[in-house]
Amino acid sequence: MARKTKDPGIGYSTRENAQSIMNDDGSSNVSHMNRKRNINDLYTFFVDISWFHFFSLIILSYTLFNVFFGLLYVAIGIEEITKTRGTFFADFLNGFFFSAQTLTTVGYGGIAPKGIMANLIAAFEAMIGLLSFSFITGLLYGRFSKPKTSLKFSKNLIIRDFKENKALMFRLMNSRKTVMIEPEITVTLSISEKDENGEFKRNFYTLSLERNKIMYLPTIWTVVHEIDDKSPLFKYSKEEIKNLDAHLYLLINYHEESFSQKVYQIYNYHFSDLMMDVKYVPSSSFDDEGYTVLDHNKLSEVEKMDV
């Protein structure tokens, strides 16, 4: 009988059809209530959001700042910076573009503040512009310098014949052209089962692997757990395994050449991704000159086992 492990931080309590607390890509799937927020959360927020949302927020903020100050220049009198053009919209455009020049400290010279009030507002806006672009520059550096993994995982788990027994397998690869140095993986199996009181409870098992660490990975790694008499899955039939409310939680770490430091990746499989009696097709081949060619599209491709 396999030895159960302690809760790896996920929690023993569960319920029927409970959602995983972790998304497939390893990000948290927990909803937080009554969480206190502070200014330090802004850095984490801006570093973690997608590039599209990051630049969208910058453009939106930049536009709103200029609209606000453009309206402010119109409110104090557009004559404080340039001659009026007779309509509100034309004067607002002058205020808007003068605001953009002041905020970015470009200062073309065609429009300049003349009165005390306009100079005070322009000086304050220039200070905001310097602080804002310093903040954005720091965020850009933080986003580029943040260590990121480049792992791709097969979309499926498979169970197939292996030696004298069967084995649970999945594959992973490096999506960059760099070599993963000393990758190491830990695989935890979580099974939700009813206890003697009829309540659902999670049981955790650290799966033994054919190999949990390799020297380096230039191509694809097929991670193998043999379902022998020591495996927590040994007591289940193939159909029972397929219907288990179970997850695999993966923790991989390796030295990333791009950032010259160790990086970590968490990933999650649900047993609904499980395929039976198939095998992965080879994903690498050799070209005419003898060089290894790795096909990224074949990472999850499978074929039926030979009978």
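Is Glu303 buried, partly exposed or exposed, and what is its relative accessible area? Glu303 is partly exposed, with a relative accessible area of 35%; buried means under 20%, exposed over 50%, and partly exposed in between (1.4 Å probe, protein chains only).

## Basis of the model

The model is predicted: local features need pLDDT of at least 70, side-chain atom pairs count only at pLDDT 80 or more, and totals for chains, interfaces and linings use all residues. Residues are numbered from 1 along each chain as its sequence is written, and side-chain values use heavy atoms, with hydrogens and water left out.

## Overall form

The chain contains 5 helices and 14 strands, where helices (H or I, at least four residues) and strands (E, at least two) are DSSP runs numbered from the N terminus. The chain is more spread out than a compact globule, because its radius of gyration is 29 Å, well over the 19 Å that the globule rule gives for 307 residues. That radius is taken over C-alpha atoms, and the rule is 2.2 Å times the number of residues to the power 0.38. Along the principal axes, the C-alpha atoms fill a box of roughly 90 × 65 × 35 Å.

Buried residues account for 37% of the 307 residues. The accessible surface is about 19,000 Å², with 56% of it belonging to carbon and sulfur atoms; such areas come from the Shrake-Rupley method with a 1.4 Å probe, and for residues only the protein chains shown count as cover. Of the contacts (heavy atoms within 4.5 Å) between residues at least 6 apart in sequence, 68% join residues at least 24 apart.

## Helices α3 and α4

Helix α3 (residues 88–103) is largely enclosed by the rest of the structure, since 12 of its 16 residues are buried. Among them are Phe92, Phe96, Phe98 and Leu103. The cover over the buried residues of α3 includes α2 and α4. Just after α3, Thr105 takes a positive phi of about 60°.

## Salt bridges

The count comes to 6 salt bridges, each defined by a side-chain nitrogen of Lys or Arg within 4 Å of a carboxyl oxygen of Asp or Glu. Lys146 and Asp48 form one, at 2.5 Å from N to O. Lys146 lies in the loop between α4 and β1 and Asp48 in helix α1, so this pair ties together parts 98 residues apart in sequence.

Glu303 pairs with Lys279 at 3.8 Å, N to O. This pair links strand β14, which holds Glu303, to strand β11, which holds Lys279, 24 residues apart. Salt bridges that share partners also join Asp161, Lys166, Lys238 and Asp277 into one network. Within it, the closest N and O atoms of Lys166 and Asp161 are 2.6 Å apart.

## Nonpolar surface patch

Phe45, Leu57, Leu60 and Leu64 make a nonpolar surface patch of about 360 Å². Patches are made of residues with over 30% relative accessible area and no salt bridge, with like charges joined within 9 Å and nonpolar side chains (Val, Leu, Ile, Met, Phe, Trp, Tyr) within 5 Å. Helix α2 (residues 51–76) gives the most to this patch, with 3 residues. Leu60 lies in helix α2 and is partly exposed at 46% relative accessibility.
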